[in-house]
Amino acid sequence: MKRAWILVFLAVIVLGIVGIGVARRGLGPLRHDDLVQPRIYAYRDWQSVGVQVNQGDLIRLRAQGTWLYTPGEYHGPEGHRVYRAPSFYPMSGTAGGVLIGRIGEDGRVFVVGRGGTYYAERAGLLYLRINDDVLSDNEGYVTVEVSVTPPTHGH
């Protein structure tokens with residue numbers, strides 16, 4: 001199972017780099033009702049966790065770990081306790097360095113922080129990243145537990 005997950009993750013990365021989104025015949029992301037625990041690196045842009053969600057799905061996220069957003073100051077996925085994100089960050093008005101997410105390439109950005117429960121507003125791949133504009137000077141990663149539950153009938 002782990003080998004299959006790694007292959008799926010690599011396929012998603014390769015396809016993203018090449019700019020082709022046509023891997024629907026076994027190479028594309030799989031639907032996961034199991035627990036997935038990807039690493040989200042502070043120095044990378046939007047990172048797919050390889051999980052496809054559908055509108056109405058219940059997404060449970062829990063993040064832990066530390067990353068460097070401000071020189072010399074490691075903190076967790078909740079973001080920096082002092083620095084607020086300016087308007088040119090992916091999400092302004094929240095903590096700088098906080099873990100953020102979106103569904104799909106152009107989905108609405110939401111705060112994840114240490115985690116929570118979210119309902120998918122749309123179908124698409126789940127993406128996560130650090131809330132920062134310059135990523136090259138960041139270090140570390142957080143591990144995110146991802147669990148997706150389809151809506152129950154009559155919901």
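Accessible areas here come from the Shrake-Rupley method with a 1.4 Å probe, and for residues only the protein chains shown count as cover. On that basis the chain exposes about 8,800 Å², of which carbon and sulfur atoms supply 54%. This is a predicted model, in which local features need pLDDT of at least 70, side-chain atom pairs count only at pLDDT 80 or more, and totals for chains, interfaces and linings use all residues. Residues are numbered from 1 along each chain as its sequence is written, and side-chain values use heavy atoms, with hydrogens and water left out.

**The chain as a whole**

- The chain holds one helix and nine strands; helices (H or I, at least four residues) and strands (E, at least two) are DSSP runs, numbered from the N terminus.
- Read from the N terminus, the elements follow the order α-β-β-β-β-β-β-β-β-β.
- Of the 155 residues in the chain, 44% count as buried; buried means under 20% relative accessible area, exposed over 50%, and partly exposed in between (1.4 Å probe, protein chains only).
- Contact means heavy atoms within 4.5 Å. Among contacts between residues at least 6 apart in sequence, 63% join residues at least 24 apart.

- The predictor's confidence in each residue is the pLDDT, from 0 to 100. Its mean over the chain is 84, and 75% of the residues reach 70 or more.
- Residues 17-33 have a pLDDT below 50, and this stretch has 26 contacts in the model beyond near neighbours in sequence.
- Where pLDDT is low, the predicted coordinates should not be read in detail.

**A four-stranded sheet**

- Look for an open sheet of four strands in the order β2-β8-β5-β6, with antiparallel pairing. Edge positions are taken by β2 and β6 (110-111), each with a single partner strand, so one side of each is left without a neighbour in the sheet.
- Two strands pair if DSSP finds at least two bridges between them. Strands β2 and β8 run antiparallel and are joined by four bridges, while β5 (residues 99-103) pairs with β8 in the antiparallel sense over five bridges.
- Strand β8 (residues 124-130) is mostly covered, with seven of its seven residues buried.

**Nonpolar cores**

- A nonpolar core is a set of buried Ala, Val, Leu, Ile, Met, Phe, Trp, Tyr and Cys residues joined through side-chain atoms within 4.5 Å.
- The largest one has 26 residues, and those with the most contacts inside it are Ile40, Ile59, Leu61, Leu99, Leu126, Val144 and Val146. Two or more residues of this core come from each of β2, β3, β5, β8 and β9 (139-149), and β3 gives the largest share, five residues.
- Apart from this core lies another, of six residues, among them Trp46, Ile100, Leu125 and Tyr127.

**Asp57 and its loop**

- Asp57 sits in the loop between β2 (47-53) and β3 (58-70).
- With a relative accessible area of 1%, Asp57 is buried.
- A polar contact is a pair of N or O atoms within 3.5 Å; within protein, one must be able to donate a hydrogen and the other to accept it, and residues adjacent in sequence count only if both atoms are side-chain atoms. A polar atom of the Asp57 side chain lies 2.8 Å from the backbone nitrogen of Asn54.

- His80 belongs to the loop between β4 (73-75) and β5, and at 7% relative accessibility His80 counts as buried.
- The His80 side chain reaches the backbone nitrogen of Val82 at 2.9 Å. One of its polar atoms also lies 3.1 Å from the backbone nitrogen of Tyr83.
- His80 and Ala95 are 15 residues apart in sequence, with their C-alpha atoms 5.8 Å apart in space.
- Thr70, in strand β3, is buried with a relative accessible area of 11%. Leaving aside neighbours within four places in sequence, Thr70 is in contact with His80 and Tyr83.
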